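Hi there,

Here is the two-chain structure I promised to pass on to you. My notes on what turned up in it follow just below.

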Amino acid sequence: MYDFAYHRPKSVADAVALLKGKEEARPMSGGMTLIPTLKQRLARPSDIVDLGAIKELAGIKVEGNNVVIGGMTKHGDVATSADVKANIPALASLAGHIGDPAVRNRGTMGGSVANNDPAADYPAAVVALNATITTNTGKHTADDFFKGLFETALSEGELITSISFPKVEKAAYIKFPNPASRYAMVGVFVAKTAGGVRVAVTGAGPCVFRVKAMEDALAKNFTSAAIKDIKVPADDLNSDIHGSAEYRAHLVGVMARRAVDAANK
Amino acid sequence: MTISVAMTVNGKAVSGKVEARTLLVQFLREHLGMTGTHVGCDTSQCGACVVDVDGKSVKSCTMLAVQAEGAKVITIEGLAESADKLHPMQEAFRENHALQCGFCTPGMVMSAIDMVKRHNYQLDEATVRRELEGNLCRCTGYHNIVKAILAAAPAMKSAGV
Ligand SMILES: Cc1cc2nc3c(=O)[nH]c(=O)nc-3n(C[C@H](O)[C@H](O)[C@H](O)COP(=O)(O)OP(=O)(O)OC[C@H]3O[C@@H](n4cnc5c(N)ncnc54)[C@H](O)[C@@H]3O)c2cc1C
Ligand code: FES
Ligand code: FES
């Protein structure tokens with residue numbers, strides 16, 4: 001790892017000022033992705049701005065019809081939160097299956113969503129629940145936020161401060177975890193909220209995506225039978241040592257049906 | 001960038017000067033000479049480096065030493081009451097032959113204690129196996145590790161630790 005200057009601001013405003021003033025400054029939340037990247041010398045930031053001491057970024061609140069989760073909230077805290085379990089149990093369960101207990105004690109929602117790893121779990125929840133991402137400069141809708149492989153709508157120095165998820169009628173997330181890393185080979189989040197039915201897929205493609213045909217079928221009839229004949233084309237899906245694009249396309253159908261069944265339980 | 005850090009390790013106040021990039025595990029091993037905490041990978045996957053920071057198990061290879069400023073850290077060296085009285089989890093590992101080369105053992109024991117406490121001393125085999133997700137062992141095949149953890153849970157409860 002190359003050395004860097006380390007900062008631990010106490011407010012979002014101070015963090016943003018530090019990020020702006022430096023040559024190549026990077027924010028750090030849980031460090032569970034950033035530190036391994038630095039160890040491999042895949043990045044060489046001049047400055048690290050640790051968001052860990054910013055109190056306004058942590059915590060979970062219920063506001064009207066939404067559950068609002070601070071950017072610095074750890075996966076383990078989402079998994080065990082009574083508010084998340086009561087209002088969006090599928091989100092608590094998703095968080096409880098990210099990596100392992102030690103990863104969940106440090107890794108954060110803001111860091112995971114900002115990173116937009118193609119195999120990360122949270123992007124599927126954000127898209128399927130049509131969550132709103134709040135930053136220090138404004139708001140992003142889920143559909144506009146995830147742009148492509150590791151690419152998001154965030155601009156330089158823009159920080160995720162919180163994410164607001166609507167309460168659900170029914171929802172479930174089922175992933176086929178890579179047996180070594182536990183990242184999603186394919187993960188499907190199915191949700192029925194006041195806003196309608198959405199189906200979001202992670203792990204299969206270069207970036208999280210929705211399956212409109214499944215959403216339309218489930219809006220009419222929310223059963224796994226309603227989507228049993230809907231196939232996702234393998235054309236743009238990932239192919240690697242873990243599985244071919246065709247295999248992933250097949251898994252999307254299987255995970256989606258299991259998710260609908262789980263949501264109906 | 002050189003920074004001063006101070007924290008409590010196994011109940012003792014410690015401090016030192018580190019680079020910003022110094023990992024917590026490097027601080028423990030290289031600055032404090034506490035080599036019980038191991039480094040088994042550079043991908044944050046193996047769990048040989050697990051320590052307790054303010055009551056939470058963390059991979060000390062994926063945390064900067066400066067991030068532990070002011071924290072209470074417990075390592076494998078801080079578990080046994082004395083040279084001949086091991087922690088119930090260490091004792092259970094010995095009893096059940098839960099280690100061969102011993103490389104993964106410090107992290108296994110730290111993760112195991114954390115797991116037992118989080119589950120209120122009540123564990124079943126499936127839970128133990130799932131909770132060991134972040135700890136890799138190349139020798140034992142895990143069976144005896146699982147047995148040891150299941151045996152240690154009631155022992156920890158009756159010992160009040
Ligand atoms: C062994 C292991 C297993 C894992 N398994 C899984 C898994 O199964 N599923 C899964 O989804 N993930 C998994 N992860 C990744 C984990 O969830 C990370 O915690 C997460 O991807 C990044 O979150 P972080 O808080 O650690 O972010 P960091 O590592 O601190 O940051 C990641 C990136 O986001 C930027 N950033 C951080 N915070 C913000 C913010 N608030 N606003 C804007 N940008 C920000 C950083 O500059 C950096 O580029 C695993 C990680 C490890 C080490
Ligand atoms: S050395 Fe920390 S996880 Fe392997
Ligand atoms: S005992 Fe050798 S790696 Fe676990």
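Of the 161 residues in chain B, 51% are buried. Please keep in mind that this is a predicted model. On overall dimensions, the C-alpha trace of chain B spans about 45 × 30 × 25 Å along its principal axes. Its radius of gyration is 15 Å, and a compact globule with 161 residues would come out near 15 Å, so the two agree. Among the contacts in chain B with a separation of 6 or more, 57% are between residues 24 or more positions apart.

The charges of chain B are quickly told: there are 16 positive and 16 negative side chains, and the centres of the two sets lie 1 Å apart.

As for secondary structure, chain B has five helices and five strands. Read from the N terminus, the order is β-β-α-β-β-β-α-α-α-α. The domain assignment divides chain B into domain 1 (2-77) and domain 2 (88-159). Where these two touch, 17 residues of domain 1 of chain B and twelve residues of domain 2 of chain B take part in the contact. The C-alpha centres of domain 1 of chain B and domain 2 of chain B are 22 Å apart.

B:Gly78 sits in the loop between strand E5 (72-74) and H2 of chain B. B:Gly36 is 42 residues away from B:Gly78 along the chain, and their C-alpha atoms are separated by 9.9 Å.

On to chain A. Here 57% of the 265 residues are buried. Chain A exposes about 11,200 Å², with carbon and sulfur atoms supplying 50% of that. The C-alpha trace of chain A spans about 55 × 45 × 30 Å along its principal axes. For 265 residues, a compact globule would have a radius of gyration near 18 Å, and the 18 Å of chain A agrees with this. Residues 24 or more positions apart make up 59% of the contacts in chain A with a separation of 6 or more.

Chain A contains eleven helices and 14 strands. It is divided into domain 1 (5-53), domain 2 (55-166) and domain 3 (170-264). Domain 1 of chain A and domain 2 of chain A have C-alpha centres 19 Å apart. To the contact between them, domain 1 of chain A gives 14 residues and domain 2 of chain A gives 14 residues.

- A:Arg41 lies in the loop between helix H2 (34-39) and strand E3 (47-50) of chain A. Its phi is near 55°, a positive value in a residue other than glycine. The relative accessible area of A:Arg41 is 44%, so A:Arg41 is partly exposed.
- A:Asn130 belongs to the loop between helix H8 (122-128) and strand E6 (132-135) of chain A. Although A:Asn130 is not a glycine, it has a positive phi of about 50°. At 37% relative accessibility, A:Asn130 is counted as partly exposed.
- A:Ser224 is located in the loop between helix H10 (212-220) and helix H11 (245-264) of chain A. Why does A:Ser224 count as buried? Its relative accessible area is 16%, and buried means under 20%. Leaving aside neighbours within four places in sequence, A:Ser224 is in contact with A:Arg257, A:Val260 and A:Asp261.

Notes. Residues are numbered from 1 along each chain as its sequence is written. Chains are lettered from A and ligands numbered from 1 in the order in which they are written. This is a predicted model: local features need pLDDT of at least 70, side-chain atom pairs count only at pLDDT 80 or more; totals for chains, interfaces and linings use all residues. Side-chain values use heavy atoms; hydrogens and water are left out. Helices (H or I, at least four residues) and strands (E, at least two) are DSSP runs, numbered from the N terminus. The radius of gyration is taken over C-alpha atoms; the globule rule is 2.2 Å times the number of residues to the power 0.38. Buried means under 20% relative accessible area, exposed over 50%, partly exposed in between (1.4 Å probe, protein chains only). Contact means heavy atoms within 4.5 Å. Lys and Arg count as positive and Asp and Glu as negative; His and the chain ends are not counted. The place of a charge is taken as NZ of Lys, CZ of Arg, CG of Asp or CD of Glu. Domain bounds come from an automatic or database domain assignment. Accessible areas come from the Shrake-Rupley method with a 1.4 Å probe; for residues, only the protein chains shown count as cover.
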